[in-house]
Amino acid sequence: MSNLPLSGARLWADLHEIARIGGTPKGGCNRQALTDLDAEARAWLAARATALGCTLHVDPFGNMGLLRPGRDASRKPIAFGSHLDTQPTGGKFDGVLGVLAGLELLRALHEAGAETEAPLLLVNWTNEEGARFSPPMMGSGAAMGIFAPEQVLGATDASGARFGEELARIGWRGEAALPEMGAYLELHIEQGALLERAGKSLGIVTHALAQSWYEVVVEGAENHGGAPMAGRRDALMAAAPLMAAVEEIALAARAPDGEPGRGTVGCVSVHPGSRNVAPSRVWFSVDTRHGDPAMLAWMGEQLRARAAEIAEARGVAITVTDFWHSPPTPFDARLVGFLREAAARRGLPAMEMPTGIGHDAVYVARRVPAAMLFVPCHGGLSHNEAESITPEWAEAGLLVLADAVLAAASQPADPTPMTGAPDGAEV
Ligand SMILES: [Zn+2]
């Protein structure tokens with residue numbers, strides 16, 4: 001198995017061939033979930049994998065599984081993959097790299113006439129991006145029972161089209177669940193710049209950060225823009241330092257390993273929103289993330305403490321409400337070990353890191369032993385038509401993914417029952 005004809009050049013050619021489906025003039029990709037282009041990409045993948053002797057499975061949410069038999073049919077398949085859907089101004093690699101690296105592994109095994117102990121399953125999850133239908137990671141979330149089927153099938157896009165009807169219209173609404181997985185490995189671009197800055201070709205992802213989202217409302221009083229400053233209770237002038245504090249708190253939230261938290265204010269609404277009126281009400285969202293749940297809780301306490309200080313100093317009312325919480329998700333230690341060993345054996349520079357970004361593997365990890373592998377992307381740029389990686393990074397990801405999948409598929413099934421990470425309350 002160690003000298004399978006895995007080809008980085010074939011993977012690179014595939015990445016550019018499928019990028020033509022939804023290709024944009026700026027060199028990116030617009031292949032949103034459940035569009036005709038999504039259907040075309042799915043058919044492209046299915047044709048290639050079935051030609052290698054794989055059987056196509058499609059579940060009620062459109063998740064695709066391409067099953068390659070193993071010597072021991074009683075074993076649950078070792079799964080790997082990612083997603084083929086993109087953002088409206090997406091790149092050529094986000095998601096696609098993980099699926100096509102899986103296809104190249106199946107091709108190399110087929111060419112070598114090699115058989116694995118456990119069956120293998122290449123997966124393309126539906127609507128990872130959450131661009132056309134919200135929330136993201138809908139297919140994996142539904143397959144893992146995190147979202148109710150009716151929540152997913154009934155979701156509507158901006159035009160009012162329903163997920164379930166669009167899925168049927170493009171011909172990818174299946175009946176039965178995908179085969180139950182014994183393990184799941186996902187290769188993905190980093191979507192950050194840590195690896196490139198550190199000069200590493202691989203990130204071994206050990207866990208996903210915990211998240212707490214809040215809503216903040218600041219209430220003051222409206223005032224004419226020409227009125228004297230004294231005695232104003234301007235809600236936006238109180239909200240502004242609290243927004244700045246979100247960043248300060250994230251940077252101050254250092255875990256013992258030195259990794260700071262993440263803090264984002266992504267949405268703001270200001271009332272009444274008139275140029276010459278000091279605002280009376282501001283609403284904004286806060287997204288906080290940390291690898292250590294205790295530090296995440298500390299970030300929430302700090303946010304509330306700063307809100308109370310600012311409210312007092314400015315004579316406004318500030319309420320901070322919990323909106324959503326997601327627990328930290330550890331990846332499976334055994335699978336992380338396979339990735340680490342493979343990178344070392346191949347002599348590829350790797351570092352261990354968490355993911356602050358949601359991925360299908362994070363939902364899958366709640367039910368199935370799972371792990372993730374990152375490769376760098378230039379400047380950390382993604383969800384952007386200019387997203388780019390090198391052929392060497394793609395090949396490094398392919399080789400280590402393949403080695404880890406084969407290690408998992410050739411070892412006896414893991415006897416320890418997987419408890420998975422605890423569920424959070426989902427949006
Ligand atoms: Zn992605």
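**Domain arrangement and aromatic pairs**

Because the model is predicted, local features need pLDDT of at least 70 and side-chain atom pairs count only at pLDDT 80 or more, whereas totals for chains, interfaces and linings use all residues. Residues are numbered from 1 along each chain as its sequence is written, and side-chain values use heavy atoms, with hydrogens and water left out.

Seven residues of domain 1 are in contact with six residues of domain 2, contact being defined as heavy atoms within 4.5 Å. The two domains bury about 570 Å² between them, 49% of it on carbon and sulfur atoms; buried area here is the accessible area (1.4 Å probe) that two parts lose on being put together, summed over both. Of the area that domain 1 buries against domain 2, 63% is supplied by Pro-328, Pro-354 and Gly-356, more than by any other three residues. Zero salt bridges are counted between domain 1 and domain 2, where a salt bridge requires a side-chain nitrogen of Lys or Arg within 4 Å of a carboxyl oxygen of Asp or Glu.

A search of the whole structure finds five aromatic pairs, a pair being formed by rings of Phe, Tyr and Trp (its six-membered ring) with centres within 6.5 Å, and counted as stacked if the planes are under 30 degrees apart, edge-to-face if over 60 and tilted for the rest. One of these is the stacked pair of Trp-12 and Phe-93, at 5.7 Å centre to centre and 20° between the planes. Trp-12 lies in helix H1 (residues 8–18) and Phe-93 in the loop between strand E3 (78–82) and helix H3 (96–112), so the pair ties together parts that are 81 residues apart in sequence; helices (H or I, at least four residues) and strands (E, at least two) are DSSP runs, numbered from the N terminus. Trp-12 is partly exposed at 22% relative accessibility, whereas Phe-93 is buried at 3%, with buried meaning under 20% relative accessible area, exposed over 50% and partly exposed in between (1.4 Å probe, protein chains only).

Trp-213 and Trp-324 form an edge-to-face pair, with 4.6 Å centre to centre and 70° between the planes. Since Trp-213 lies in strand E7 (residues 210–219) and Trp-324 in strand E13 (residues 317–326), this pair ties together parts that are 111 residues apart in sequence. Trp-213 is partly exposed, with a relative accessible area of 26%, while Trp-324 is buried, with a value of 12%.
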